[in-house]
Amino acid sequence: MDSRAERTADGAIVVPQMNAIVLDRFGGVDELSSRPIPLPEVGDDDVLIRVEFAGVGSWDAVEREGDYDGAFGVASAFPYVLGWDAAGTVAAVGRNVTRFDVGERVYAATMPVPRGGFYAEYGLVEAEFVARVPDRMPTEQAGAMAWDALTALSGLDLLDLRPDQTLMVFGASGGIGHLAVQLARHSGIRVLAVASGDDGVALARRLGADEAIDGRKDDVLAAASEFAPGGLDAALVTAGGETAERSLRAIRNSGRIAWPNGVLPMPVASPGATVSYYDGDRSRAATDRLNAIIESSSFEVHVARTFPLGQVKDAHRALNDHYVGKLALKVG
C-alpha cells in the first residue's frame with residue numbers, strides 16, 4: 001500500500017491524486033486522455049514541481065506512438081505520462097535537498113520513463129536536474145526551454161568554436177535552432193542561420209544571426225560560399241533531410257558537424273567534415289551555465305502557441321503544422 005494512503009471513516013483507502021494527460025496504450029492523438037492518477041511520492045533526492053507550463057516537442061509525438069518503448073533500458077508502464085520540459089514552483093523537496101525552497105520558481109528537464117513526465121499538475125524530478133528560473137525569464141518560456149537549450153549548448157561545446165569563427169545552424173527557426181543562434185552569438189561566433197519560411201528567417205535575424213536564409217527556397221550552398229568563402233568552420237544540425245545533407249558540403253573538410261541524437265533522418269552519405277552525434281547535458285553544471293548566459297543577455301524562448309492542458313490533442317496536431325520556436329501547454 002502507498003505510504004501516503006489514508007483510510008476514510010468507512011475504511012476506503014485514499015491516495016493523493018493529481019490530474020494528468022495519460023496514455024493507456026501507444027498510438028495516435030486520440031490515445032491522449034485526461035484523468036486523475038496518484039500524485040508522485042517524493043524521494044530523498046527529489047523535487048516535486050507544481051507544473052505551470054510544459055513544453056511540447058516533436059519527440060512527444062514519436063514517444064506517443066511507441067517508438068521509444070524500451071529505448072531507455074526500462075520497460076514502459078501505463079498509464080504513461082508524456083512531457084520532457086516544464087517550469088513551475090517547488091511543491092515539496094526530499095530530505096536531502098537543500099538548494100530549493102517550497103514556492104520557488106524552477107524549471108527542469110526530465111525523462112518520462114520510468115517516473116512520468118510533465119503533462120500533469122505535478123512532476124517529480126531528481127534535484128540534480130532542476131534549476132531556478134532566471135528572474136528576467138517568464139515562466140512560460142522556461143517551461144518550453146530546458147532540453148532544447150541544453151542540447152544547443154552541448155552541441156556548441158562539442159564544436160568548440162572561437163569568436164569570429166563561422167557556424168551554420170540548420171533548422172535555425174526550430175526549438176533547438178533558435179536557441180543555438182542566440183547561444184552562438186553570445187560567444188561571438190558568426191552565424192549563418194538556415195531557417196524555414198519568411199517568419200523563420202525573420203526570427204533568426206531578430207535573435208542575432210549574422211545572415212539568415214530560407215532553406216526551403218534559397219540556395220544554401222551559394223549563401224554559405226558568400227558568407228564564408230573558404231568554407232564554414234562548423235554546423236549544428238537540428239533538422240535532417242536531403243537539404244540538410246546537401247548543405248553540409250559547405251563545411252570545410254577540417255571542420256566539424258554536431259548532430260543531436262534523435263534528429264532524423266540520419267545522413268545517407270558522409271560529408272567531408274567530421275560528424276559527431278551527441279545527447280544534451282542536463283546536469284546542474286550545464287543549467288548553471290545556461291542560467292548565467294540568460295541573466296547576462298537578451299536570451300529568449302520564442303513560444304509560438306500555448307494550449308490549455310485540456311487541448312493537448314490540438315497541441316499534438318499542431319506539431320505537424322508550420323510554426324517557429326516552441327509549442328507549450330498551460331497546466332497550472
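The model is predicted. The count of aromatic pairs is six, and that of salt bridges is 19. Helix H5 is largely enclosed by the rest of the structure, because ten of its twelve residues are buried.

**Helix H5**

- Helix H5 runs over residues 175-186 and spans 18 Å from its first C-alpha to its last, close to the 16 Å expected at 1.5 Å a residue.
- The buried residues of H5 are Gly175, Ile176, Gly177, His178, Leu179, Ala180, Val181, Gln182, Leu183 and Ala184.
- Just after H5, glycine 188 has a positive phi of about 80°.

**Aromatic pairs**

- The count of aromatic pairs comes to six.
- One of them joins phenylalanine 26 and tyrosine 80, with ring centres 5.3 Å apart and planes at 70°, so this pair is edge-to-face.
- Phenylalanine 26 is in the loop between strand E3 (17-23) and strand E4 (32-38), while tyrosine 80 is in the loop between helix H1 (58-64) and strand E6 (85-93), so the contact ties together parts that are 54 residues apart in sequence.
- Phenylalanine 26 counts as partly exposed because its relative accessibility is 21%, whereas tyrosine 80, at 4%, counts as buried.
- Tyrosine 80 also pairs with phenylalanine 78 in a tilted arrangement, 6.2 Å centre to centre and with 45° between the planes.
- Phenylalanine 78 has a relative accessible area of 38% and is therefore partly exposed.
- Through such ring pairs, Phe26, Phe78 and Tyr80 are linked into a cluster.

**Charges over rings**

- Arginine 190 places its charged end over the ring of phenylalanine 227, 4.3 Å from the ring centre.
- Arginine 282 lies over the face of phenylalanine 129, at 3.7 Å from the centre of that ring.

**Salt bridges**

- Lysine 313 and aspartate 30 form a salt bridge in which the closest N and O atoms are 4.0 Å apart.
- This pair links distant parts of the chain, with lysine 313 in helix H10 (residues 312-318) and aspartate 30 in the loop between E3 and E4, 283 residues apart.
- Lysine 313 is partly exposed, at 29% relative accessibility, and aspartate 30 is exposed, at 59%.
- Asp30 and Lys313 belong to a network of salt bridges that also links Asp314 and Arg317.
- Glutamate 300 forms a salt bridge with arginine 206, where the closest N and O atoms are 2.7 Å apart.
- Here too distant parts of the chain are linked: glutamate 300 is in the loop between helix H9 (284-295) and strand E16 (303-308), and arginine 206 is in helix H6 (residues 197-206), 94 residues apart.
- Glutamate 242 and arginine 246 form a salt bridge with the closest N and O atoms 3.7 Å apart.
- Both of these residues lie in helix H8 (residues 242-247), four residues apart, which is about one turn of the helix.
- An α-helix has 3.6 residues a turn, so residues three or four places apart point the same way.
- Glutamate 242 is exposed, at 63% relative accessibility, and arginine 246 is partly exposed, at 34%.

**Nonpolar surface patch**

- Leu264, Met266 and Tyr277 form a nonpolar patch on the surface, and together they have about 310 Å² of accessible area.
- Methionine 266 sits in the loop between strand E14 (251-260) and strand E15 (274-278).
- The relative accessible area of methionine 266 is 40%, so this residue is partly exposed.

Key
Residues numbered from 1 in each chain as written. Predicted model: local features only at pLDDT ≥ 70, side-chain atom pairs only at ≥ 80, totals over all residues. Heavy atoms only, no water. Patch = residues over 30% accessible without salt bridge, like charges linked within 9 Å, V, L, I, M, F, W, Y side chains within 5 Å. Areas by Shrake-Rupley, 256 points an atom, 1.4 Å probe, with all protein chains shown as cover. Salt bridge = Lys/Arg side-chain N within 4 Å of Asp/Glu carboxyl O. Helix = DSSP H or I, 4+ residues; strand = E, 2+ residues; numbered from the N terminus. Buried < 20%, exposed > 50% of the residue type's maximum accessible area, 1.4 Å probe, protein only. Expected span 1.5 Å × (residues − 1). Phe/Tyr/Trp six-rings, centres within 6.5 Å; stacked < 30°, edge-to-face > 60°. Lys NZ or Arg CZ within 6 Å of the ring centre and 35° of its normal.
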